[in-house]
Amino acid sequence: MIKILLILLPVAIYAQSLKSLLDFAMKRSDLVVAKSFLKEAKSHEVEARKSAYYPTLDAGAYYQSLEERSPMFPGDTYSGYAKLGLDIYDGGKKSSLLSQSKNTYKSSSFDLEATRKDLSLKIVQGFFAIKSLEATLQARDEAKKSLKEQLTRMQRFYLARVATQDDVDRLQAAYDTNVYEMEALKFQILTFMKTLELHVGQNITSLDSAKFQPFQESDLELIDKVKSLNAQKDALESGAKSVDSVYYPQLRVEDTYSLYGYNRSDILHPKGVDNQNKLLLTLNLRLFDNGTLSKTKEALLSNTQALNTQVIYATKEQKMQYDLALARIQTSTIKIRSAKSALVSATSAFKTISKKYDAGIADNVVYLDALSSQTNAKALYETSLNDLEVAYAIYYYYAGKNLEEFLQ
C-alpha cells in the first residue's frame, strides 16, 4: 500500500487543474499574445490620430552654391528655418479618422477577448475529452486484469485436461483485443494531450479533476465576436465620413521664420535679407475628381452593409447555439441517469455471471459478454459525466460569459 502511495504521490503533486491551465493560457498562449500585440498596435494608432490635432513644428536648412553667379544673386546662400503649421479647418477629417481608429481599437479589444473565450472552450473540451478517454482506459485496464486472471486459470485447466483449447483461445483473443484497444486509447490520449499543450502554451504532465458550479441559467449577452463585427462596422462608417471631408474647404495657416547667410557677394551680386518671417494662409477646395471619392465612399458603405448582415447572422447563430446548449445540458443529465442505471445493472450482472463462471455453470461466451458490458458501462458513465461538464462550458460560452468564473 505504501509503495502504491509513493508511486501516485508525484502524479497528485504535479497534476494540473483546469483553472490553472485556463489562467496560464489567457496570458501566455501564443494566440493570445499575438492578439495582445495587435490590440497594442491599434492603441498606438489612436494616440497618433489624437496627436494630429496639435500644431506641427518643422525645422530645416539649405545651402545653395552657383558656379556662375546670376545677376543680383550672391554666389553662395545658406539658410535655416523653423515652420509652425496648424490646420484651422479640415472638414471633419481628423475627427472621423480618430473615430475610425477608436472603433478599430475597440474591435481589436473584442477580438482579444473572443480569442481568449474561444481558447477557453477548446481547452475545456480537450480537457474533458482526455478525462473520458482516461476513464475508458481505466475500465479497459480493469477488464485486462480480470481477463488475465481468467486466462491464467483457464490455461491451468487446459493443462489439467478439464478445459478445451477453444476455451483458452477465446480468452486469449479477448485479452489481446483489449490490449490492442488500450494502446489505441493511449495514442488518442497522447494526441489530445499534445493538442491541449498547444492551446495552453505549456507542457502538461497529468490532469487533476475539474467540475463546473451547479448549473445556473444565465441571460444571453452578445459574444465578443459579434461585438467585434459591430465595432468594425462603426469603423467603416467613420472612414466613409473621412472621405466626405475632402469635399469641404481645407484651411491651413503656416508661419515660417528664416535666417540667411551669404558668401561671394558684391555690388552686382548683393546680399539679401538677414532674416524673414513669412505667414501663409492656404485654402483648398476639391472641385472635380470624376467621382473618385464618392465611389470610394460607396465602396465603404457597401462593406458596412455586408458587416451589418454578418452581425445579424452571427446574432441569430448565437441565439440558436444558446438554445441548443441548454437542450444539451438537459439531454446530458438524462444520459447520466441512464448510464448510471446501466452501470449498476452491468456490474450486478457481471458479479453474478463471474461467480457462475468460476463454478463452471456459465461458459466463457457469457462471461466475456458480461465483462464487455460492464467495461463499456463504466466508460459510458464517466464519459456522460464529462459530457455534462462540456455542455455547461458550451452553454456559458454562448451566453457570453467567462468560463473560468464558473469553475469550482
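This tour goes through a sheet and some of the salt bridges in a predicted model.

Begin with the four strands that form an open sheet in the order 2-3-5-6, paired antiparallel. Select residues 56-65 for strand 2 and residues 275-284 for strand 6: these stand at the edges with a single partner strand each, so one side of each has no neighbour in the sheet. From one strand to the next, the twist averages 20°.

**Strands 5 and 6.** Next, select residues 250-263, which make up strand 5; ten bridges join this strand to strand 6, and the two run antiparallel.

Glu-254 counts as buried because its relative accessible area is 18%, and buried means under 20%. Within it, Lys-94 and Asp-90 form a salt bridge at 3.4 Å, N to O, and both residues are buried.

Last, select Arg-264 and Asp-76, whose side chains meet in a salt bridge (3.1 Å, N to O). Arg-264 lies in the loop between strand 5 and strand 6, while Asp-76 is in strand 3 (residues 76-89), 188 residues apart. Which of the two is buried and which partly exposed? Asp-76 is buried, with a relative accessible area of 7%, whereas Arg-264 is partly exposed at 37%. In total, the structure holds 22 salt bridges.

Technical notes. Residues are numbered from 1 along each chain as its sequence is written. This is a predicted model: local features need pLDDT of at least 70, side-chain atom pairs count only at pLDDT 80 or more; totals for chains, interfaces and linings use all residues. Side-chain values use heavy atoms; hydrogens and water are left out. Two strands pair if DSSP finds at least two bridges between them. Axes are lines fitted to C-alpha atoms, for helices over the stretch in contact, and angles run from 0 to 180 degrees between N-to-C directions. A salt bridge is a side-chain nitrogen of Lys or Arg within 4 Å of a carboxyl oxygen of Asp or Glu. Buried means under 20% relative accessible area, exposed over 50%, partly exposed in between (1.4 Å probe, protein chains only).
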